[in-house]
Amino acid sequence: MQKKPDKGQKPKKTYSQKPTFKQKSSSSPSLPRITPENTRQYTVKEPVELLPFLIEKLSSLGRNAVKAVLARGQVAVNGKAVTAYNHPLLPDQVVTINKDKVVEDIPLAGMIILHEDEDVIVIQKDAGLLSIAANAEKNEITAYRQLTAHVRNHDPKARIFVVHRLDRDTSGVMMFAKNEKSQQHLQNTWQESVKERTYVALVEGMVRKPEGTISSWLKENPKSLKMFSTPYPNDGQHAVTHYKTLQSNKGFSLLEVNLETGRKNQIRVHMQDIGHPVVGDKKYGSKTKEIGRLGLHARVLAFLHPTTGQLLRYETSIPKLFMNPFREVPGKK
């Protein structure tokens, strides 16, 4: 016997079956649901296999073209991608067809993307990878070429624009622009837009002063292409480097380095100037190969977004190799 509801309490509705909603008769064509421009959704009316269903709905395409749409993973049933031609469909299931080809990202070598939007791409580059080819005729793997392939994988007309560079053997954070307007803005307002550029440098010898500032005028030797500090004021580009010692012993020092200016090879020249060349930097006076690579890593990059003005900051960890000279060897004191 069904219990009567209390006074003032509305009786609960009970259903002997799931509530049904009025639908158009199967004789009338089903219209696609309102969805984003690149997708169409259809509700299944009666049991059928997926391929015949698609051929009916995509009547403007040939059978092989419909098969290609399926093979590329552009079809989903109830939100789950399906590629089998004979997948059984049941009434009330929703089939979604994506007009756009599902694109798989191209694997990147020696780098990872930290951030990407319509205007900029921020990456973490490994040591050994060129930022951009020095010679356009050489078919070298570079960050620039890989990112160009990455954006063109989604849009064949897309381009990448160079904003700044890291030396081949320097690892760390750097960015590229995705349009000319952003590139020009960042380059023209570099001093104002870039709020922080912090490196870590493993250098030879014990740096006596715990912190300091190095200021000089940098020039490039046209024959060797090597940068050097000139003793004459205003002769070259003014470069200012601030450093702070993080760790040191008799043989090495680990420095945190902040750039006030961003000149070519600036840190490498300034470390040589104070008698503590960057480890592995034979070009600028290093005599050791302690870690098998250049001891320079761009750890932090913070900048104002060229379009939104939002402050973006990206920080990476200190490479483990940089800590090797400070690890105690068991049994030694």
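Author: A note on terms before the surface: accessible areas here come from the Shrake-Rupley method with a 1.4 Å probe. The model is a predicted one. On that basis the protein exposes about 20,900 Å².

Reader: Secondary structure next. How many helices and strands?

Author: There are six helices and 17 strands. As for contacts with a separation of 6 or more, 60% are between residues 24 or more positions apart.

Reader: I'm looking at β16. Why is it largely enclosed by the rest of the structure?

Author: Strand β16 covers residues 296-304, and seven of its nine residues are buried, so the rest of the structure largely encloses it.

Reader: Which way does β10 run against it, parallel or antiparallel?

Author: Parallel: strand β10, residues 171-177, is joined to β16 by two bridges. Gly 172 has Ala 298 of β16 as its bridge partner.

Reader: What about β11, how many bridges there?

Author: Seven bridges join β11 (residues 194-204) to β16, and this pair is antiparallel. Ala 298 turns up again here, with Tyr 199 standing opposite.

Reader: And β17?

Author: β17, residues 311-315, runs antiparallel to β16, with five bridges between them.

Reader: Changing topic: pockets. What is the volume of the largest one?

Author: About 920 Å³. Its lining has 33 residues, and those nearest the centre are Arg 165, Leu 166, Asp 167, Lys 264 and Asn 265.

Reader: Which elements give two or more residues to the lining?

Author: They are α5 (190-193), β11 and α6 (266-273). The largest share is from α6, at three residues. β11 is also the strand joined to β16 by seven bridges.

Reader: How do the lining residues divide by type, nonpolar, polar and charged?

Author: The lining of the largest pocket has 14 nonpolar, ten polar and nine charged residues.

Conventions:
Residues are numbered from 1 along each chain as its sequence is written. This is a predicted model: local features need pLDDT of at least 70, side-chain atom pairs count only at pLDDT 80 or more; totals for chains, interfaces and linings use all residues. Side-chain values use heavy atoms; hydrogens and water are left out. Buried means under 20% relative accessible area, exposed over 50%, partly exposed in between (1.4 Å probe, protein chains only). Helices (H or I, at least four residues) and strands (E, at least two) are DSSP runs, numbered from the N terminus. Two strands pair if DSSP finds at least two bridges between them. Contact means heavy atoms within 4.5 Å. On a 1 Å grid over the protein atoms alone, a cavity is a set of points where a 1.4 Å probe fits but cannot get out, and a pocket is an open set with protein on both sides within 12 Å along at least five of seven lines; lining residues have an atom within 4 Å of a point. Grid points are joined across faces, edges and corners, and a volume is the space filled by probe spheres set on the points. Ala, Val, Leu, Ile, Met, Phe, Trp, Tyr, Cys and Pro count as nonpolar, Asp, Glu, Lys and Arg as charged, and the others, Gly among them, as polar.
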